[in-house]
Amino acid sequence: AGTAAVQRVDAMRAAQQFVRRELSQARALPWARDEHGNAVFFIGTPHSIRFVAPLPGYLGQLGPQLQELQLVPDGNSLRLQVSFAQMPADGSAPRPFAKPQVLLRGIRSGGFAYMDYAQEGTDQTWTADWPDTNSLPALVQLKLQPGAGQWPLLLVAPRVDASAVNTPTSNL
């Protein structure tokens, strides 16, 4: 029982470190266009996030990757998984590689939430969906209720605000 508890804590710690590291390195790189022709930098829903970030260590040599973190049904619980897609240098659509990797299993409930940058005279609030796909949120929150153990509230500030970057995006 002690070994199982240590393994659960290690799995939660590794998943939290991965999510924190990748979200904090999110890049303002467009990977698609929306229905109005605007560049898409970030998509956030209550159960998934898509953004571009470099991979850690030797995997980073593959360049920035489109990453998708998802909470997906797994029997009577949820699992947190990540998928990667390579960003081609020619500006074509990202190409998925490998199957999704499971970061954490046995989650009873959970979700992502997003906070925008403060505007003068407005209150900052968390929202379950990120409506502005051509900018990154100021903060991303991940709340999870694991089946066993505790997941500390995860708050991450992506490093770059896409609206502050003057990058040509005409080749998307």
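Helix H1 covers residues 2-24, and its 23 residues should span 33 Å at 1.5 Å a residue; the end C-alpha atoms are 33 Å apart, which agrees. The expected span is 1.5 Å times one less than the number of residues. Helices (H or I, at least four residues) and strands (E, at least two) are DSSP runs, numbered from the N terminus.

This is a predicted model, in which local features need pLDDT of at least 70 and side-chain atom pairs count only at pLDDT 80 or more, while totals for chains, interfaces and linings use all residues. Residues are numbered from 1 along each chain as its sequence is written, and side-chain values use heavy atoms, with hydrogens and water left out.

**Helix H1 and its cover**
- The buried residues of H1 are Met12, Ala15, Gln16, Phe18, Val19, Glu22 and Leu23.
- Buried means under 20% relative accessible area, exposed means over 50%, and partly exposed lies in between (1.4 Å probe, protein chains only).
- The cover over these buried residues, counted by contact (heavy atoms within 4.5 Å), includes strands E4 (48-54), E5, E6 (77-86), E7, E8 (139-146) and E9 (154-156).

**Salt bridges**
- Side chains of opposite charge can pair when their charged atoms come close.
- A salt bridge is a side-chain nitrogen of Lys or Arg within 4 Å of a carboxyl oxygen of Asp or Glu.
- The whole structure holds five salt bridges.
- One of them joins Arg21 and Glu22, with the closest N and O atoms 3.3 Å apart.
- Arg21 is partly exposed at 33% relative accessible area, whereas Glu22 is buried at 1%.
- Arg79 pairs with Asp74, the closest N and O atoms being 3.3 Å apart.
- Arg105 also forms a salt bridge with Asp74, at 2.8 Å from N to O.
- This second pair links distant parts of the chain: Arg105 lies in strand E7 (residues 95-115) and Asp74 in strand E5 (residues 64-74), 31 residues apart.
- Asp74, Arg79 and Arg105 are thus linked in a network of salt bridges, and Asp74 is partly exposed at 22% relative accessible area.

**Nonpolar surface patch**
- Trp126, Leu153 and Leu155 form a nonpolar patch on the surface, with about 250 Å² of accessible area together.
- Patches are made of residues with over 30% relative accessible area and no salt bridge; like charges are joined within 9 Å, and nonpolar side chains (Val, Leu, Ile, Met, Phe, Trp, Tyr) within 5 Å.
- Leu153 sits in the loop between E8 and E9 and is partly exposed at 44% relative accessible area.

Conventions. Areas by Shrake-Rupley, 256 points an atom, 1.4 Å probe, with all protein chains shown as cover.
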